[in-house]
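Welcome! Here is a short tour of a ligand and the space around it. Take a look at the sequence and the model first.

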Amino acid sequence: MATTTESVSNGGGPVHEDKGETLRPDDLSEMLAAGTKDVHEKAENTQFVKDFLRGRIRRELFKLGAVALYYTYTAMEEEIEINKDHPHFAPLYFPSELHRHEALARDLEYFYGPEWKREISCSPATQRYVDRIHQVGQEYPALLVAHAYTRYMGDLSGGQVLKKVAQRALKLPPTGEGVEFYQFDAIDSAKAFKQLYRSRMNELELDAETKSSLVDEAVKAFQFNMEVFEELEEIGKTFQEEVSEDGMPIHGDTGGDISKCPYYASKMAASGGMAYACQLAMAILRHPTGQVLIATWFAVLAGLVAWYLM
Ligand code: HEM
């Protein structure tokens, strides 16, 4: 379904062009853009985001990113549904245009298969973000605007670029499987929709104090996102470390004991213990030290058998 100025699901009013209008500094859209400028720049400069933009993203890490988004959007859209008639949120309720829960579920099914729900779990940083979204939805519904703004406006701003990067880096089909999250089928012009969204934010009847709390909450939302990126970045390092260039598993900080890695348990649960055991065995077999150890072990075993038979 295409979004036109007449067919938006919410209100259907004409797209309210910001262009040509004098925006006031106390317009919520202006306050949010100005108040999150610094933290936006920080988010752009996180290693995970920079690597992603350069196409340096592994499939496993991309999948975990999609899992984090799934939990985040599930929480946000649950709270949005509950608060859809709240006067401080209702004008921003655009489920058919914006909501990402279903698209993310399809992406996860593509990556993890039909049993995807049993394969995924919520990471600690994502859980903190999710907890805050629920708290806001239940205790300060007006602040939900900050969470919706941070995610949806960001998605509409970079979606197409990120989709192309992911498709190229992960060799995903051009038909869009695995990257449905980035595809807003019900929005024809992201630019026009963002203008509509900004004008709706500016029409909310909020006092100065609430507007300022909203800016603070948006800064927090960016920080939650950065914490998720940083967590993914750390997990990415363990993927790289586990199989080094010559294929031998190593794990620097934990002194070689991978079971001490905080992500090990969830990764084992997510990828299946057997698969990991096979990967480990293959890595040991490929490595010269592993081959010497196995040969020694067989020699000792043969010696014992010979001694027993004598
Ligand atoms: C390298 C990474 C990023 C780049 C290059 C980038 C770039 C941009 C650009 C160019 C815009 C302006 C679009 C427009 O006005 O039409 C924008 C807007 C926005 N971005 Fe990002 N962004 C990045 C990461 C993020 C992240 C990680 C988030 C939050 C999780 C985010 C949230 C937003 C939001 C909320 C807006 C709307 C600003 C406004 O108009 O009020 N961005 N971004």
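An oxygen atom of the ligand is 2.5 Å from an N or O atom in the side chain of Lys194. This is one of the polar contacts (a pair of N or O atoms within 3.5 Å) gathered here:

| Side chain | Ligand atom | Distance |
|---|---|---|
| Lys194 | oxygen | 2.5 Å |
| Tyr149 | oxygen | 2.5 Å |
| His40 | nitrogen | 2.8 Å |

The model is predicted, with local features needing pLDDT of at least 70 and side-chain atom pairs pLDDT 80 or more, while totals for chains, interfaces and linings use all residues. Residues are numbered from 1 along each chain as its sequence is written, and side-chain values use heavy atoms, without hydrogens and water.

Which residues come nearest to the ligand? Of the 17 around it, they are His40, Leu53, Tyr149, Lys194 and Arg198; a residue counts if one of its heavy atoms lies within 4 Å. By class, this shell holds 8 nonpolar, 5 polar and 4 charged residues. H9 provides its largest share, 6 residues; helices are DSSP runs (H or I) of at least four residues.

The ligand takes up the space of the largest pocket, meaning that more than half of its atoms lie within 2 Å of the pocket's grid points. That pocket has a volume of about 1100 Å³. Its lining numbers 45 residues, and Arg151, Gly154, Asp155, Leu162 and Phe229 are the closest to its centre. A pocket is an open set of points on a 1 Å grid where a 1.4 Å probe fits, with protein on both sides within 12 Å along at least five of seven lines, and lining residues have an atom within 4 Å of a point. H9 gives the most to this lining too, with 11 residues.

Technical notes:
Grid points are joined across faces, edges and corners, and a volume is the space filled by probe spheres set on the points. Helices (H or I, at least four residues) and strands (E, at least two) are DSSP runs, numbered from the N terminus. A polar contact is a pair of N or O atoms within 3.5 Å; within protein, one must be able to donate a hydrogen and the other to accept it, and residues adjacent in sequence count only if both atoms are side-chain atoms. Ala, Val, Leu, Ile, Met, Phe, Trp, Tyr, Cys and Pro count as nonpolar, Asp, Glu, Lys and Arg as charged, and the others, Gly among them, as polar.
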